[in-house]
Amino acid sequence: KLQTESQNCALLEETTKTISKSITLAELKLILMAFKQSYSNLNVFVLGIPGIASEDGTIIHLPHMPNLQGNNVKSYFSSCLDANIFIENDINAIAMGEINKWSNFAHIIWTKGCIGSAIILNGQLIHGYHGCAGEIEFVCSEKVGKLEYLKHGALALSCTVDVPVIAISGEEVTPNDVDEVKHHLYSKLAAYCRPEIIYVPNEQKLYLKGLWQIALNHLRSL
């Protein structure tokens, strides 16, 4: 049983592999099986996706990889890999990388012309009934440009989940952008419900840390 991130844990291998948007379950299986063959005791796989997975492990929204969408990936890989499979939205994984820093917060990210967010309350990642908590792009669809999306998304989160901290990161997001978002929110919200607005660089590092955190949480529960 793991007590801390540093105890009994070591990075054995780190590699990067580019996969096609048309990848199939069978092709992904071959990639994961290679790791399983190298490390026979490996019993946890955490997959981050730029989409939405239901609680049972079915990928319900992954337009960038259509051959994976609609499949129960958790069930498929659990049997063939003899391992525990966790599938998490990429932005949720980023927030999991910060969960030891704040216990109540939201993280907003702007990437490839799209906005998304993750919500952590009382140290728990909030998925929502349909797994769509934090899908703020739907309330920003009529906005134009990075700053308008960020301002509107941050205001929507402030008025719905009332978190004390909103972290902001993403492609082409600068500290000045975050200052503008803060100014916008503070002009709209009463002083007693204004969240702290924080610029967070290097979300990719947090993403990997979050996937690791999900695996650790499972191992600690054993």
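**View 1. N92, a buried residue of helix α3.** N92 is buried, with a relative accessible area of 4% (buried is under 20% relative accessible area, exposed is over 50%, and partly exposed is in between, using a 1.4 Å probe and protein chains only). This residue sits in helix α3 (helices, H or I with at least four residues, and strands, E with at least two, are DSSP runs numbered from the N terminus). If you skip its neighbours within four places in sequence, N92 is in contact with S117, A118, L125 and H127 (contact means heavy atoms within 4.5 Å). Keep in mind that this is a predicted model, where local features need pLDDT of at least 70 and side-chain atom pairs count only at pLDDT 80 or more, while totals for chains, interfaces and linings use all residues. Residues are numbered from 1 along each chain as its sequence is written, and side-chain values use heavy atoms, with hydrogens and water left out.

**View 2. The largest nonpolar core.** There are 23 residues in this core, and V46, M96, W102, F105, I120 and V200 touch the most other members (a nonpolar core is a set of buried Ala, Val, Leu, Ile, Met, Phe, Trp, Tyr and Cys residues joined through side-chain atoms within 4.5 Å). Two or more residues each come from β1 (44-49), α3 (90-96), β5 (105-111), β6 (114-121), β8 (165-170) and α6 (203-221). Look at M96 here: apart from neighbours within four places in sequence, M96 is in contact with I120, L125, G210, Q213, I214 and N217. A second, separate core has 21 residues, including C140, L155, L157 and L185.

View 3. β6 and β7 run antiparallel and are joined by two bridges; in β7, Q124 is the bridge partner of L121.

View 4. The structure holds two salt bridges (a side-chain nitrogen of Lys or Arg within 4 Å of a carboxyl oxygen of Asp or Glu). In one, the side chains of D177 and K146 meet at 2.8 Å, N to O. D177 belongs to helix α5 and K146 to helix α4, so this pair ties together parts that are 31 residues apart in sequence. D177 counts as buried, at 8% relative accessibility. The side chains of K151 and E180 also meet in a salt bridge, at 4.0 Å, N to O. That pair links distant parts of the chain, with K151 in helix α4 and E180 in helix α5, 29 residues apart. K151 counts as buried at 16% relative accessibility, whereas E180 is partly exposed, with a relative accessible area of 38%.

View 5. After α4 comes D162, whose phi is positive, near 55°. Most residues other than glycine have a negative phi. D162 is in the loop between α4 and β8 and is exposed, with a relative accessible area of 52%.

**View 6. D82, another residue with positive phi.** Phi of D82 is near 50°, a positive value in a residue other than glycine. D82 lies in the loop between α2 (73-81) and β4 (84-89), and is exposed, with a relative accessible area of 63%.

**View 7. Helix α6 and its cover.** α6 has 19 residues and reaches 27 Å from its first C-alpha to its last, close to the 27 Å expected at 1.5 Å a residue. Its buried residues are E203, L206, Y207, G210, L211, Q213, I214, A215, L216 and H218. What covers them includes β1, β4, α3, β5 and β8.

Key: Two strands pair if DSSP finds at least two bridges between them. The expected span of a helix is 1.5 Å times one less than its number of residues.
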